[in-house]
Amino acid sequence: MSDSPFIDIDHVTFGYDSRRTILNDISLKFARGKITAVLGGSGCGKTTLLRLIGGVHAPNSGRVVFDGEEINTADKAQLFRLRRRLGMLFQFGALFTDLNVYDNVAFPLREMTELPESLIRHIVLMKLNAVGLRGAAHLKISEVSGGMARRVALARAIALDPELIMYDEPFAGLDLVSMGVAAKLIRTLTDVTGATSLLISHDIPQCMAISDHVVLLATGGRVVAQGTPAELMSSTDPEVRQFVRGEPDGPVKFHYPARSVAEDFGPRMSA
Amino acid sequence: MNALQIIGQVVLAQLARWGHGALFFLDLLRATPSALRRFGLVVGQIHAIGNRSLVIIVASGLSVGFVLALQMYYALTTYGAAESLGLIVNLALVRELGPVVTALLFAGRAGTSLTAEIGLMKAGEQIAAMELMAIDPKARVLAPRFLGGILSMPLLAALFSTVGILGAYVVAVLLIGIDSGNFWSIQQNGVDVWRDVGNGVVKSAVFGVICTAVALYQGFETEATPEGVAYATTRTVVTASLGVLAMDFILTALMFSTP
């Protein structure tokens, strides 16, 4: 196995329009076969980072390198080739609501391979078994809970045994039991398959428990800190401490920038 | 900003929208052969788009046939030409009302359904999921619906016209008392299969392209919010209906320019 990073984000700057920069000259490396968690508050560019890696958007400057190959979003053939090597778990599953659980997991196998249906059945049931939902194969998507839907989506994401699995907020909206199950699954899948895992979340305890490397992003798209979970937890940097402890105020202000209280409410209110 | 700049901006924005729509349509055409290779998906869409429009098409066709027969009878009796009723009803339905009214109903029933379906797939990130699975959503999702719409429209228009003629028969022959043999024979003599029926089929196929392409474009390009999807379905009905009416005038002028 090569020592080079599987994903290399090299001085990337990106904004959806010229008025707001989402990612500002960031450089990150995601190691092969490891779980890297990207943490940060809402709007700091975590999901945008996944989209850049998936080739949905092109960076304004800098480059995104996928296993040694720079992603060129204008090259559709390259994009499709690289995307065959990645699986993505969307925040709300993005399951196909007109298909049942079984057909959702079978979908990429039927679309991307020429495998016979009997073999597809075995693979689908194995993947569903890995996420504990073999018995739910016949259920409609409207019949599964949020946590189960996330696990179905995970089974679909790993159906083609991808080399890179990207998880967008896998713990959001889950109860504690489902959250623990999801975290354990991500760790087990990474260990068993050897896939490179990239985890986007703001759930500190779960990410710290299962990740090999953690990156902390701040609003404005800059990297505040990165290192092992233990290094971040013991950091003395005020911004890191505020985030990992969940303190409402600190270097990151609770209030969105606004006019003074006196200007908005009058001098008597501000007194 | 002066008036000239504002006009320039509006014109440029409109041209950009049309250009974007044209590129989408070309992409759709490029993706269509792949849908032909998986015809099962197209058949599923013909069922979803066509079969579920049957009730409104049959009910509307029957109603139009009833009313057309009554109105034509009153008008033709004035000139002593009531025996021409069957021919006039047939030509009106086959040449114009069948394709046009079916297309307008299609835009309202199936078009909005397509727009909402694609828009909600986008809002639920299903389209994005497909793209990240290296599956082209235009080929997998849009192209089968596009072909399904194009193939459904002539079938629905033919059904509309047939039911309309039968409705006219009920009013003209069974209620008013026009001779049944005359009702059918004047149609047999006066309606040309290629010029009248054939052109009607061509018209409805063209309307199928317009309605389905507009519905898919609005769904695919919608803002992925509840308001965005609602706005997109409204735009589908307005844009597709205006497109059908404009194209009907052009096609009629081309097809029936000589008596």
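A nonpolar core is a set of buried Ala, Val, Leu, Ile, Met, Phe, Trp, Tyr and Cys residues joined through C-beta atoms within 7 Å. The views below show a predicted model.

**View 1. The surroundings of C211(B) in the largest nonpolar core.** This core holds 140 residues, and among them C211(B) and L216(B) touch the most other members. When residues up to four places away in sequence are left out of the count, C211(B) touches A103(B), F106(B), A107(B), G111(B) and G149(B), together with A240(B) and V244(B). As general background, nonpolar side chains in soluble globular proteins tend to be buried together.

**View 2. The side of chain B that touches chain A.** Here 10 residues of chain B are in contact with 13 residues of chain A. Helix α5 of chain B, which covers residues 126-132, supplies 4 residues to this side of chain B, and this is the largest share. Sorted by kind, the residues on this side of chain B are 6 nonpolar, 2 polar and 2 charged.

**View 3. The overall form of chain A.** Chain A contains 11 helices and 10 strands, and its C-alpha atoms fill a box of roughly 75 × 40 × 35 Å when taken along the principal axes. For 271 residues, a compact globule would have a radius of gyration near 18 Å, and the 20 Å of chain A agrees with this. Of these 271 residues, 39% count as buried, and among contacts in chain A between residues at least 6 apart in sequence, 64% join residues at least 24 apart.

**View 4. An open sheet of 4 strands in chain A.** The strands of this sheet follow the order β2-β1-β4-β5, with antiparallel pairing. Strands β2 (23-30) and β5 (69-70) of chain A stand at the edges, and because each has a single partner strand, one side of each is left without a neighbour in the sheet. Helix α1 of chain A, made of residues 46-53, packs on the sheet and touches β1, β2 and β4 (61-66) of chain A, while its direction makes about 115° with that of β1(A). Strand β1 of chain A, residues 7-14, pairs with β2(A) in the antiparallel sense over 5 bridges, and V12(A) has I26(A) in β2(A) as its bridge partner.

**View 5. S118(A) in helix α4 of chain A.** The helix that contains S118(A) spans residues 117-130. Because S118(A) has 7 C-beta neighbours inside 10 Å, S118(A) counts as exposed, the cut-off for this class being 12 or fewer. Although S118(A) and H202(A) are 84 residues apart along the chain, the separation of their C-alpha atoms in the model is 41 Å.

How values were computed
Residues numbered from 1 in each chain as written. Chains lettered and ligands numbered in written order. Predicted model: local features only at pLDDT ≥ 70, side-chain atom pairs only at ≥ 80, totals over all residues. Contact = placed C-beta atoms within 7 Å. Helix = DSSP H or I, 4+ residues; strand = E, 2+ residues; numbered from the N terminus. Nonpolar A, V, L, I, M, F, W, Y, C, P; charged D, E, K, R; others polar. Buried ≥ 20, exposed ≤ 12 C-beta atoms within 10 Å, placed from the backbone. Rg over C-alpha atoms; globule rule 2.2 N^0.38 Å. Pairing = 2+ DSSP bridges. Axes fitted to C-alpha atoms, helices over the stretch in contact; angles between N-to-C directions.
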